[in-house]
Amino acid sequence: MTPPLLDIADLACRRGGRKVFDRLSFAVGAGELLVLVGRNGSGKTTLLRALALLVRPEAGTIRWQGRDIQIDPETWRAGIAWLGHLDGLKGDLSVRENLLAAERLRGLRPPEDRIDGALVAFDLTALAARPVRALSAGQRRRTALARVLLSQAPVWLLDEPLNALDSAAQDAFRIALSHHLVAGGLVIAATHADLGLPTARRLELGAAP
Amino acid sequence: MSGIAALMARDLRLIWRRPGDVTVVLAFFVVATVLFPLGIGPETNLLARVAAGILWCAALFASLLSLDRLFAADYEDGTLDLLLLAPWPLELAALAKCAAHWIVTGLPLAILAPILGVAFGLPQENLLALAVTLLIGTPTLSLTGGLAAALTLGARRSGALLALLALPLCVPTLIFGAGAVETLTTGEEFATYLAILAALALVAVATMPWAMAAALRQAGE
């Protein structure tokens, strides 16, 4: 059996003086979807931010392909696509410019047809030239998801990906998600909604006091 | 390197899309300086003597005025997370953002100042000296103010706090910037002042990006 791609051992995080979780250990392999569930304040977002190295964990190790991600954070960062509860889009740039700018920030130059592909996947082609500030919340979320899809990163870290999405967009997201998993990608998503994938593993985080 | 260029290009494009933000800063600079002759009165000798100090102070205020949005906009829309996650050093990202800020404020201020200096009756060589000192000094203002902007990220009344933090740190630049122009009248060595001004700028380039990156990581937590 091959070792899991992502291995988390004894992770502990503290927010505002309070321990959100402690001694959290789990592993995620290629093609796996891990859904983080738990009540508000149970630490789903904190865990995602710790995995993205945006929050410094108090204790524990995160290993990617057997190596501690703290040793070589830049390789790890290059391999993750992030969707926070904020969309991470610039209101004054168009949908297409936002996708392009996000990829360029990662030091990459995506070819036009791949951008077109990401736009088509989330039915954004007609909106491509529209500035993001003129979009609805759901359309913005779709743009943010298209950014994740475009990144071609093996690891997706998603915080409430279905927020504000209508049912057609939710279906589009599920299709993109399944394709990513079939291609050997790895997804960790915090959500209250049902992602609708039977293969998903669930990780229940402790309830807030 | 391509990430830094991309970030600068993105920021410049965003500023280009909202030219009002820069125009307001430059208009503030013009209005603030023009108020002094009105307040002091039309004594050409006096005005010419204080002109460098006034123009330098106004330039300092103008560049601080625009700095509170430097990181706040990225913080509010979530793109700061994307910067923190970019697979290249955050220090360079901070430097790139300050460089973009300097291009749209420091540089135009250095060009505008000699034109306003004419209204103060500054002699021609002083006008040139003023432009040169601002060209060398304003990058320090952008970087120091950038640190204050990063430190006050997410704070309430961050604009006032930013000014309070940045102004004392900008004092050496102000002294040697305005002082350099004065040397032309007092007969001191202009080059010495200019060298100190350049040294301050180099120290800022060498230290501020690290401090800004640390403050931004803290804000991201």
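Keep in mind that this is a predicted model. Let me start in chain A with helix α1, residues 44-51, which lies across β1, β2 and β4 of that chain. The helix runs at about 120° to β1(A).

Now the sheet. In chain A, four strands form an open sheet in the order β2-β1-β4-β5, and the pairing is antiparallel. β2 and β5 of chain A stand at the edges with a single partner strand each, so one side of each has no neighbour in the sheet.

Next, β1 and β2 of chain A, residues 6-15 and 18-28. Seven bridges join these antiparallel strands. A:Leu6 has A:Val28 as its bridge partner, and A:Arg15 has A:Arg18. What lies between the strands in this hairpin? There are two residues, and A:Gly16 takes a positive phi near 55°.

On to chain B and its helix α3, residues 44-67. With 24 residues at 1.5 Å a residue, this helix should span 34 Å, and its end C-alpha atoms are 34 Å apart, which agrees. α3(B) also bends by about 50° at B:Val50.

Last, the place where the chains meet. Here 21 residues of chain B are in contact with 23 residues of chain A. On the chain B side, α1 (2-17) and α5 (79-85) each supply at least two residues. Which element gives the largest share of that side? α1(B) does, with seven residues. By class, the chain B side that touches chain A has 10 nonpolar, five polar and six charged residues.

That's what I have; questions are welcome.

How values were computed
Residues numbered from 1 in each chain as written. Chains lettered and ligands numbered in written order. Predicted model: local features only at pLDDT ≥ 70, side-chain atom pairs only at ≥ 80, totals over all residues. Expected span 1.5 Å × (residues − 1). Bend = angle between axes of the 7 residues up to and from the residue. Pairing = 2+ DSSP bridges. Contact = placed C-beta atoms within 7 Å. Nonpolar A, V, L, I, M, F, W, Y, C, P; charged D, E, K, R; others polar. Axes fitted to C-alpha atoms, helices over the stretch in contact; angles between N-to-C directions.
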